[in-house]
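What follows is a walk through one protein model, from its overall form to a few single residues. Keep the sequence and the structure in view while reading.

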Amino acid sequence: MTKYVNAVITEEQKESSLPILEGTLGPHAVDIQNLYPRHNLLAFDPGFRSTASCKSAITFVDGDNGVLLYRGYPIEELAEHSNFEEVTYLLMHGELPKVDQYQEFIALLHRHNLLHEQVMSFYRGFRRDAHPMAVMVGVVGALSAFYHDVMDIQKQEDRMRAAIRLVAKMPMLAAASYTYSIGRPQRYPNNKFDFSSNFLQMMFGRPSEEYVVDPVLARAFDVILILHADHEQNASTSTVRLAASSGANPFACIAAGVASLWGPAHGGANEAVLKMLQEIGTVENIPKAIARAKDKNDSFRLMGFGHRVYKNFDPRSRVIQVQAKKVLEHLGIKDPLLDVALKLEEIALKDSYFIERKLYPNVDFYSGILLRAMGFPMNFFTAIFALARTAGWVSHWLELQHESHGIDRPRQLYVGSPLRHHPKKK
Ligand code: SDX
């Protein structure tokens, strides 16, 4: 039985009943689709804090209780018991794969993980010191020129192939944005490796030598990919969905997602966290940093802290913290920045400013420390986020193909000039 909320539409003193939509979990939604057609009224929600932009069955985030589910499975369980290939299948298909489905999926990823040789020529057009995300935005978009014309977006099999091509090619595409910058010949995928190990060998391997996988690092990297794979309607995923609503091809839509993810308020935060920790430098400087973060006249923010949805711990940050400690110990690295990060978290979580605003460490707070320990350059951290989030982006792209509301077209509250005429108008 549909529940309704009675909204009194003040201008006309009309009472209107707006249906309440109930999901499986989380807050209900007031269906306001008829608010404008029926009452010529818009809902005003800049930043979409109170707006459900779509129905989705992929990921659920309960920000108040620090819960993250991929297709109903807790992120902590997937990080412990699954791998990125299985999680990607789960996000795309909605169920964990059976053995034969998993093997077929791995075979498809292997078949499509090479980049067209001509795509490799695009890298030469970039400066050597180009930011890897600048390269990825360009090259991912350029894939449209190679694969879009051989797909019919109306066919489910073509859509699934495009999605698999994007997931499969992203590792070589991302690794090449690094190896090009240091002039190292790009290794090809080697399908004897799993997804994460294959990426590490393309990233750090030399064509002249056998690459030896460090299982501790490969596992830690796979956990990083699992944790970053999806996160409901975040900025970059919403960008992909909005681009896709116009019928744009999936390669262009994912390129738009890469662009949106790059921002320091979003996926660029992992790089910004490490720069912040380096700027703080020592535990003794933490009180000054905390004071700056609280100073409204100072644009400084504690990067890696706070979240639009999590008003409790980001469950991902806890898992990454454990992996960071494990990898640092395994490598015998004593990273003073980890000490600064742990102390910063301890002090901030006791400070009323952060407590009142429910600001907790998010996924980016510890990931930079882990990635740096693994040898990734700081400007490459967000490229790794994009590598992982491609699984979520393509899953949302596939899901929205079944939606029927047409192109996304937000309205606005117009506050500009009323009608006026050019002085030369007769
Ligand atoms: C990701 O959406 C997703 O799901 C994203 C993501 C994903 O997986 O896709 O989870 C990945 O993007 C994680 C977030 C990474 N970004 C950062 O770590 C950058 C630092 N964080 C902030 O910029 C901020 O917390 C945001 C952008 C993450 C969230 O901003 P909100 O929810 O819009 O919060 P707000 O700007 O409205 O701030 C509320 C208050 C303000 O103070 P008052 O005006 O109330 O006095 O909290 C303060 C803010 O000044 N505040 C901070 C702060 N974050 C918010 N103060 C100091 N340091 C911070 N980091």
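A residue is called buried here when its relative accessible area is under 20%, exposed when that value is over 50%, and partly exposed in between. The model is predicted.

By this cut-off, the buried residues of helix 18 are Asp364, Phe365, Tyr366, Ser367, Gly368, Ile369, Leu370, Leu371 and Ala373. Helix 18 spans residues 364–373, and with 9 of its 10 residues buried it is mostly covered. What do these buried residues pack against? Their partners are helix 10 (215–228), helix 13 (269–280), helix 15 (315–331), helix 16 (336–348) and helix 19 (381–400). After helix 18 comes Gly375, which has a positive phi, near 100°.

The chain as a whole can now be put around this helix. It holds 19 helices and 6 strands. Its radius of gyration is 23 Å, which agrees with the value near 22 Å for a compact globule, because that value is what 426 residues would give. Along the principal axes, the C-alpha atoms fill a box of roughly 75 × 60 × 60 Å. Of the 426 residues, 49% are buried. Among contacts between residues at least 6 apart in sequence, 70% join residues at least 24 apart.

The surface and the charges can be described briefly. The chain exposes about 21,500 Å², and carbon and sulfur atoms supply 53% of that area. There are 47 positive and 46 negative charges, and their mean positions lie 7 Å apart.

Inside, the largest nonpolar core has 123 residues, of which Phe199, Phe221, Leu277, Leu302 and Phe376 touch the most other members. Helix 8 (residues 156–182) gives the most to this core, with 15 residues. Which residues does Phe376 touch, not counting those up to four places away in sequence? They are Phe199, Leu200, Met203, Phe204, Phe221, Leu371, Phe381 and Ile384. Among them, Leu371 is also one of the buried residues of helix 18.

Several loop residues complete the picture. Ser245 sits in the loop between helix 11 (235–244) and helix 12 (250–261). Is Ser245 buried or exposed? Its relative accessible area is 17%, so Ser245 counts as buried. Leaving aside neighbours within four places in sequence, Ser245 is in contact with Gly406, Ile407 and Asp408. Ile182 is 63 residues from Ser245 along the chain, and the C-alpha atoms of the two are separated by 38 Å.

Lys98 belongs to the loop between helix 3 (84–93) and helix 4 (99–111). Lys98 counts as exposed because its relative accessibility is 57%. Between the C-alpha atoms of Lys98 and Glu86, which are 12 residues apart along the chain, the separation is 9.8 Å.

Two further loop residues have a positive phi without being glycine. For Phe48, phi is near 60°. Phe48 lies in the loop between helix 1 (35–39) and strand 4 (59–62), and with a relative accessible area of 56% it is exposed. For Lys358, phi is about 50°. The loop that holds Lys358 runs between helix 17 (352–356) and helix 18. At 41% relative accessibility, Lys358 counts as partly exposed.

Terms used
Residues numbered from 1 in each chain as written. Predicted model: local features only at pLDDT ≥ 70, side-chain atom pairs only at ≥ 80, totals over all residues. Heavy atoms only, no water. Helix = DSSP H or I, 4+ residues; strand = E, 2+ residues; numbered from the N terminus. Rg over C-alpha atoms; globule rule 2.2 N^0.38 Å. Buried < 20%, exposed > 50% of the residue type's maximum accessible area, 1.4 Å probe, protein only. Contact = heavy atoms within 4.5 Å. Areas by Shrake-Rupley, 256 points an atom, 1.4 Å probe, with all protein chains shown as cover. Lys, Arg positive; Asp, Glu negative; His and termini not counted. Charge placed at Lys NZ, Arg CZ, Asp CG, Glu CD. Core = buried A, V, L, I, M, F, W, Y, C linked by side-chain atoms within 4.5 Å.
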